[in-house]
Amino acid sequence: MSRAEMDKLGWDSCDIILITGDAYIDHPSFGMALVGRLLEAQGYRVGIISQPDWTSVEPFRALGKPNLYWGITAGNMDSMVNRYTADRKIRSDDAYTPNGEPNKRPDRAVTVYCQRAREAFPGVPVIAGSIEASLRRIAHYDYWSDKVRRSVLFESKADLVIFGNAERALVDVTKRIAAGENIKNIRDLRGTAFLVPHGWLPDAEWSVHNSTRVDVPGRIDKQPNPYAMALEDPNQCALDNAAPEPVAKPIVIMTREQRQAAAREKAAKTVVRLPSFETVSEDPVMYAHASRVFHLESNPGNARALVQQHGDRDVWLNPPPLPLAMDEMDGVYDLNYARAPHPSYGKAHIPAWEMIRYSVNIMRGCFGGCTFCSITEHEGRIIQSRSEPSILREIELIRDTTKNFAGTITDLGGPTANMYRLACKEKKIEETCRRLSCVYPTICSNLGTDHSKLISLYRKARAIPGIKKILIGSGLRYDLAVRSPEYVKELVTHHVGGLLKIAPEHTEEGTLSKMMKPGIGAYDEFKALFDKYSKEAGKKQYLIPYFIAAHPGSTDEDMLNLALWLKKNNFHLDQVQTFTPTPMAMATTMYHSGKNPLHKVDENSEIVNTAKSGKTRKLHKAFLRYYDPENWPVLREGLRRMGRADLIGNSDRHLVPATGGGDEAASAPRQDRQGPPPGGLPKGRVIEVAPKRGARGAERGVPVRGERRNERVPATTPFIAPPSKVKASILSTIKTKPKAGRK
């Protein structure tokens, strides 16, 4: 937005100015648009500064001084995940920038933007939000600096952080500031974090529980003998004898409902004190303990406030926001979005926009609890779904207003495609549950797994006139899908465009237990249904599995077994992912502390070994692409070190050839590197599936799986041992139409 646009609207100033690290796209999948339209609907004048030059304060003064506050976000993705690969190398592009240009946002953008906004107009309140601020609201391990950093509130100097599903808190805080209330006094909103003096409590009725009352770490002090006749210290004994008689209180017999109500009332006035920043930054065991307690206090139905000391001040976190009801979700997504990039970008190519322009977000949240994923820390475990009419209206809007729409909706999804309208069977059970996952180690008996409402939505969506195809592009939770064979049949028959993405992530139980993912048997069960219904529909369709290398708990042997499974099943993966520790994720806790926060943590509890050295991480990644000649030297060295040289050779039972690949391939004569390779190993992959790098917006767009990048198989594969008879991958047999040039 510019001053010229303000003049056209007749505005002399903005009530709120939002700053984002993304290009401005007025679409509900982009958090800045969602927030802007929500506040506009409340009657406020909202200005947006997109990707400002942070090296100067002047771009932050472009729209003048905001009347109420600054709203700061790094964008749909964490700026560090957006800018760096899993190997901490700077990426060459940015999907949220016109023409994919890199370096349009600073590292730790929330902190930098907050500081510049404060410099531009001192005294104006600063509120930070979105995924980056949300995941840094307490002391957290930072992979890129390899240390525990303080809460983002300290580094950014923001007055308030709004985390999670922020709509209610955002509207409330805006109304209260507009009414003249000082932001320093707004301390009672769910889903907010702020700094207070050490020891501060809202009022005298509040009590403080040490985190050890939630989960006991380390050594437990010996309890005193309750039958001791006298105290050993006579002075203390004398003091005790001089104490006044305790006041007798009558015993009150309460019903179960009364006890539960009393417990809820007490919890509402209780704050759990986490170990301080100074403690967790030096003691990995206490860091893991704090992480475990944090996640145990994440259910909005029973979560208590949390507090963590940082020096002479405390970071205070109110309980997470309550999930939006269906009509509230509809209200957010039915706002008057332009559904297009800002006109100032002209015909610039914005990859994230092009990826989601024909897709519809139908839900938020995820109850899977995968430890490497940040969705639950941000959006929560309770699914929030839109109504059928709201979703169908958006499909019709895409059909009628989106340029170049050819009749295909590319996705009806969200964090997980098939969790739409799934919930706990009993609201009371949901509100008291403290499980970290509804589907691990097994699917909870209280979880509804009926997919009939989603099936109904699919059928009504594809029946809309002008809609030729509805595809499902979001990842699928296949262990849930097999509970509803009718859903799998509906999906496979009508909504798969040849390829379907699913994420087993690994095959080995030791690693899967650290991920909180189901065993590979669930994949086999889903694949059997997928193949059966594809055959019945007369279609050749394929599953595209995702796997993670170097995840905490994954050993060299685990990765080798995964590679052998891939070879046995004839998979040649184009998209590979190396684990990236993102702030506050439980797998990140394992990576940093070497402890498993899924269970009670102490000095002697389970040790989680993790690949941290560049050499080991490179080996683990190479196992996922065992067929790539560039990886053969690394794999040969690794296999010999592991005592598995028996897998090096030139027959079908070997994993890698005895010679060739790597530097030899690069230095080979040109004529040796042309033409189809011997043995029929596939050349370049014809499939390119762009990674979904958080294109669902601030409430959806989280770096859920670290780095998933297109890494194409080299166009030639020299030095393949002639005796080897390698079958072509099933994926290499798929023919795709060439991409049409952009208009």
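Biologist: Which hand does the crossing of α17 and α19 have?

Modeller: This is a predicted model, in which local features need pLDDT of at least 70 and side-chain atom pairs count only at pLDDT 80 or more, while totals for chains, interfaces and linings use all residues. Residues are numbered from 1 along each chain as its sequence is written, and side-chain values use heavy atoms, with hydrogens and water left out. A crossing is left-handed if the near helix is turned anticlockwise from the far one by less than a right angle, and right-handed if clockwise. The crossing of α17 and α19 is left-handed.

Biologist: At what angle do helix α17 and helix α19 pack, and what does that make α17 relative to α19?

Modeller: Helices (H or I, at least four residues) and strands (E, at least two) are DSSP runs numbered from the N terminus; here α17 covers residues 452–462 and α19 residues 485–494. Axes are lines fitted to C-alpha atoms, for helices over the stretch in contact, and angles run from 0 to 180 degrees between N-to-C directions; these two axes lie 10 Å apart at an angle of about 25°. Because angles under 35 degrees count as roughly parallel, over 145 as roughly antiparallel, 65 to 115 as roughly perpendicular and the rest as oblique, α17 is roughly parallel to α19.

Biologist: Which residues meet where α17 packs on α19, and what is their make-up by class?

Modeller: Contact means heavy atoms within 4.5 Å. From α17 come L454, I455, Y458, R459 and R462, which meet E486, Y487, E490, L491 and H494 of α19. Ala, Val, Leu, Ile, Met, Phe, Trp, Tyr, Cys and Pro count as nonpolar, Asp, Glu, Lys and Arg as charged, and the others, Gly among them, as polar. By class, the contact of α17 with α19 has 5 nonpolar, 1 polar and 4 charged residues.

Biologist: How many aromatic pairs does the structure hold, and what is the geometry of the pair of Y143 and W144?

Modeller: Rings of Phe, Tyr and Trp (its six-membered ring) pair if their centres lie within 6.5 Å; planes under 30 degrees apart count as stacked, over 60 as edge-to-face and the rest as tilted. The structure holds 19 such pairs. In one of them, Y143 and W144 have centres 5.7 Å apart and planes at 75°, so the pair is edge-to-face.

Biologist: Are Y143 and W144 buried or exposed?

Modeller: Buried means under 20% relative accessible area, exposed over 50%, and partly exposed in between (1.4 Å probe, protein chains only). Y143 has 2% relative accessibility and W144 has 14%. Y143 therefore counts as buried, and W144 also counts as buried.

Biologist: How far apart in sequence are the parts that the pair of Y458 and Y487 ties together?

Modeller: Y458 and Y487 form a tilted pair, 5.8 Å centre to centre with 40° between the planes. Y458 is buried at 0% relative accessibility, and Y487 is buried with a relative accessible area of 0%. Since Y458 lies in α17 and Y487 in α19, the parts tied together are 29 residues apart.

Biologist: What phi values do R88 and R421 take?

Modeller: Most residues other than glycine have a negative phi. R88 is in the loop between α3 (79–83) and α4 (109–120), and R421 is in the loop between β19 (411–413) and α16. R88 is partly exposed, with a relative accessible area of 36%, and R421 counts as partly exposed at 36% relative accessibility. Phi is positive in both: about 65° for R88 and near 60° for R421.

Biologist: Which elements do the buried residues of α24 pack against?

Modeller: Helix α24 covers residues 614–624, and its buried residues are R617, L619, H620, K621, A622, F623 and L624. They pack against β22 (542–549), α22 (556–568), β23 (575–578), α23 (586–593) and α25 (632–641).

Biologist: Leaving aside its neighbours within four places in sequence, which residues is R641 in contact with?

Modeller: R641 is in helix α25, where the buried residues are W632, V634, L635, R636, G638 and L639. At 44% relative accessibility, R641 counts as partly exposed. Apart from neighbours within four places, R641 is in contact with D556, K615 and L619.
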